[in-house]
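Colleague: I am new to this structure and would like to go through it by question and answer. Please show it before we start.

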Amino acid sequence: MSSATLWAVAQKFDQYPTPVDANLWLEYRPEGTTFKLWSPVADEVELKLYEKGDGGAPYEKLHLQKGEKGLWHLTVPKDLKGVYYTYHVKTGHKWLEETPGIYATAVGVNGQRAMVLDMASTNPKGWDKDKGPTVKTQNEVVLWEAHVRDITSHPSSGSSHPGKFLGMVEKGTKSKNGLKTGIDHIRELGVTHIHLLPSFDYRSVDEAALEKPQFNWGYDPQNYNAPEGSYASDPYRAEVRIKEFKQMVKGFHDQGLGVVMDVVYNHTGLTKNSNFNLEFPDYYYRQTAEGKYSDASACGNETASERAMVRKFIVESCKFWAREYHIDGFRFDLMAIHDLETMNQLSEELEKINPNIVLYGEGWTAGSSPLPDNQKALKANTHQLTHFAAFSDDIRDAIKGSVFDEKSTGFVSGAKDTEESIKFGVVGSIAHPQVNVQQVNYSKAFWAREPWQSISYVSCHDNLTLFDKLKASRPQASPEQLKKMNLLSDAIVLTSQGTPFLHAGAELLRTKNGEHNSYNLPDAINQINWDWKADHQNAFTYYKNLIALRKAHPAFWMPTTQQVSQHLEFLTSEPGLVGYKLKDNAHGDSWKNILVYYNARETATDIPLEGDWTVAVEGETIKLKGGRKVKDSIAVPPVSMLILYQD
C-alpha cells in the first residue's frame, strides 16, 4: 500500500474528534449511574435496561445525550446495582445490534449484556493488602505458561473445582500417588510467575452449555475487560466471575507467585458485529487500500493501535487489569501488529501502577499489515521498546528444530551448525563480541538492547509440546534418549541470560499425542495428566533443582549488556558442544567462576580444566552445594549439561 493511499484511509478517521482524556468507563454510585460511549458517527444511542443477563425484553429504554467530541452520556438517578444493560447505536439511519459496550467490566452469560456493579463489593478479604512479587530485573523471573482448564481438568489433579479459576489456587491437592498437583506443584517446581492463556471473556465457548465438552485457548476476544465465564462457578451472575478471578490472583500472590495475563488486543473474535464495530463501525480496525479489513492476525481483522482512541482503549484496559485485578504482567499476542509508540506509552503507564510489572510479547505478525515495519513492535525493533521483552524464536528453533517442520532437528537432537544460534540465545540476543550474528538461524542483527528483553523458550501452547517435537524429529530415539534431549533443551533455557519461559508440564515430559494445534481440541489432548509426575519423577526433580540453581545464582540473570560482555566468555563452540565461563563473581554471585557446557553429542566429551572445581550439575544430578571436587579434566555425559564452579 502506498503511503498516499494509507494516508487517505487514515484521513477518513482523522477527521473525527478524539477525546483521549475523557473517562468512558461506567461510573456507579448508589444515588446514580453514569453511562458513556464515544461514537461521533452515531445518530442516536439508546440504553436498554434488563433484569437478567440473558433472555427477556428490556424493562426500560432511555436515550443518551449527545455531548461534544462524539461523546454520549446519561446519568440515571437511582441505584441500578445488579441491573443488566446494553447500548443500541443508530448510525447512517440504521440500528446496529445491541452491545454491552467496549468498556464493560461486568457481563452476564456469554457476554451479551453488561451489568452495573460496585466493583469494590467483589474484593476478597485482605484485597487492600494484596501484592505480587518484587521484580528487580525481568530476567530473574521464571515464567510458566498454563491454560486454566489444563491444570485441573484431569481427574488425577484431585481438584474440587476442575477447570475453574478457583481450582488453580486450591491447596492440598494430590495425585493418587500422593504427589503434589496444581498450585502446590507450581510452588514445589519453584517458578516465580504463572502465565495464564487468555482468561478475559472470549467468544468460542458457550457459557450456557457447560455440560457439553468444550475447549478453546481463548484467542478470540469478546469483552476485553471482564473475565471468562466458563472458568467461573456461575457464568450467569456477572459478579461471580469477577470475585473468583480476584480470589485466584490473591491465591497465587499468597504463595509468592505472580500472575501474567495473556492479552489479545490485536484482533477481535467477530468482525462485522464485534463490540468495536457496534459503537463506531470500522474505526478500531486497519483497512487495506481497497477499504477491506486488513488481516495481519490471520483471524479476519487487525486493530489499529496507532489511532488515538484505539491506543487509549488498549492502555486503559491494561491499566484496569493491573489496578482492579492486581495483574503482575502482560503477554501480548502478535505484538508486532501494534505500534511501538503505543507499547512504550503503555509500559510507562503500567510501571506507575506496578513497578514490578513484567511485559513481553510475540515480535511478529501472522500476515501482512499496512502499518510500516519501522513502526511495528517487531522482534527486530525490540531495542526501541523501553520495558517490553520479545520471544526468541532464534533460541527456540536452534535448540530443537523449526516449529513449522516436525522432522526438523535442533542442537539437542543432532542438527549441524546450530552452535552460533545457541550462543546468541545464551547471551539474550544482545551484541556480544564472541557471537557471529551472521551465522544465527533467523536474526542477522542483535535485537535486544538488554539481555532480559529476550524471552528464552523452547516450547509453549503453540505447535508440538517439547517432548512431542523431539519424538517426531527423532522417531528412532528411545524414551531415555528423548528424556535427555528434553532436559538439555530446558537446561539451556534456564541457564541463558534472557527471561526463561517454560511450557506447563514440560517438567513432566508433557505430550499432546503429537497434536500441533490443540486450540479447540478436547481436554483429553490438552490437559495435564498428573500421573506423569510419578512416571517422570527424576525429570521433575531436575527441573526443580535447576530452577533453584538459577534463582540462587544471579550470574545467570545479569541485567545489562555491559555485564554480560564483561563476565560471560565462550570457551568452546564445536559441533554438538558449547561451553562458556561466567567469571569474576558476575552480578555479585557467590560463585567466583562458573563453567557451563552443553553436550548434544551421543558420546561423553572430555573437558580440560585449569585449577580446582566443584561439580554442581552432572547428568541428572544437581547439587547446589557440596558437590564432588575435580581437576585436570572431566567428562560431560552424552546429551546433557555440566556446571562446575569455584568459590
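What follows is a set of questions on a predicted model, with an answer to each.

Colleague: Which residues lie closest to the centre of the largest pocket?

Modeller: The largest pocket has a volume of about 810 Å³. It is lined by 33 residues. The closest to its centre are Trp217, Asp333, Leu334, Glu362 and Asp462.

Colleague: How many charged residues are in the lining of the largest pocket?

Modeller: The lining can be split by class. It has 14 nonpolar and 11 polar residues. The charged residues in this lining number eight.

Colleague: How far is the sulfur of cysteine 460 from the closest cysteine sulfur?

Modeller: A disulfide needs two cysteine sulfur atoms within 2.5 Å. The closest sulfur to that of cysteine 460 is in cysteine 299, and the gap is too far for a bond. The distance is 15 Å.

Colleague: How many disulfides does the count come to?

Modeller: A disulfide is a covalent bond between the sulfur atoms of two cysteines. With the cut-off of 2.5 Å between sulfur atoms, the count comes to zero disulfides.

Colleague: Is cysteine 299 buried, partly exposed or exposed?

Modeller: Residues under 20% relative accessible area are buried and those over 50% are exposed, with partly exposed in between. Cysteine 460, at 11%, is buried. Cysteine 299 has a relative accessibility of 39%, so it counts as partly exposed.

Colleague: Is the aromatic pair of tryptophan 217 and tyrosine 219 stacked or edge-to-face?

Modeller: A search of the whole structure finds 42 aromatic pairs. In one of them, tryptophan 217 and tyrosine 219 are 6.4 Å apart centre to centre, with 90 degrees between the planes. Both tryptophan 217 and tyrosine 219 are buried. An angle over 60 degrees counts as edge-to-face, and this pair is edge-to-face.

Colleague: Why is the pair of phenylalanine 280 and tyrosine 283 given the class it has, and what is that class?

Modeller: Phenylalanine 280 and tyrosine 283 are both buried. A pair of aromatic rings is described by the distance of the centres and the angle of the planes. Planes under 30 degrees apart count as stacked. Here the centres are 5.0 Å apart and the planes are at 20 degrees, so the pair is stacked.

Colleague: Over the ring of which residue does the charged end of lysine 533 sit?

Modeller: Two lysines can be taken in turn. Lysine 246 lies over the face of tyrosine 325, at 5.7 Å from the ring centre. The charged end of lysine 533 is 4.3 Å from the centre of a ring, that of phenylalanine 540.

Colleague: What is the phi of histidine 93?

Modeller: Most residues other than glycine have a negative phi. Histidine 93 lies in the loop between β7 (84-91) and β8 (94-99). With 74% relative accessibility, histidine 93 counts as exposed. Its phi is positive although it is not a glycine, at about 65 degrees.

Colleague: Is leucine 509 buried or exposed?

Modeller: Leucine 509 also has a positive phi, near 55 degrees. Its place is the loop between β19 (499-503) and α12 (523-526). The relative accessible area of leucine 509 is 5%, and therefore leucine 509 is buried.

Colleague: In which loop is serine 496 found?

Modeller: Serine 496 has 0% relative accessibility and so counts as buried. Its C-alpha atom is 9.2 Å from that of proline 451, which is 45 residues away along the chain. The loop that holds serine 496 is the one between α11 (479-495) and β19.

Colleague: What distance separates the C-alpha atoms of glutamate 68 and valine 259?

Modeller: Glutamate 68 lies in the loop between β5 (65-66) and β6 (71-76). It is exposed, with a relative accessible area of 66%. Glutamate 68 and valine 259 are 191 residues apart along the chain, and their C-alpha atoms are separated by 40 Å.

Colleague: What distance separates the C-alpha atoms of aspartate 632 and leucine 609?

Modeller: Aspartate 632 is in strand β25. It is exposed, with a relative accessible area of 57%. Aspartate 632 and leucine 609 are 23 residues apart along the chain, and the separation of their C-alpha atoms is 4.7 Å.

Methods:
Residues numbered from 1 in each chain as written. Predicted model: local features only at pLDDT ≥ 70, side-chain atom pairs only at ≥ 80, totals over all residues. Heavy atoms only, no water. 1 Å grid on protein atoms, 1.4 Å probe; cavity = no way out; pocket = protein on both sides within 12 Å on 5 of 7 lines; lining within 4 Å. Points joined across faces, edges and corners; volume = space filled by probe spheres on them. Nonpolar A, V, L, I, M, F, W, Y, C, P; charged D, E, K, R; others polar. Buried < 20%, exposed > 50% of the residue type's maximum accessible area, 1.4 Å probe, protein only. Phe/Tyr/Trp six-rings, centres within 6.5 Å; stacked < 30°, edge-to-face > 60°. Lys NZ or Arg CZ within 6 Å of the ring centre and 35° of its normal. Helix = DSSP H or I, 4+ residues; strand = E, 2+ residues; numbered from the N terminus.
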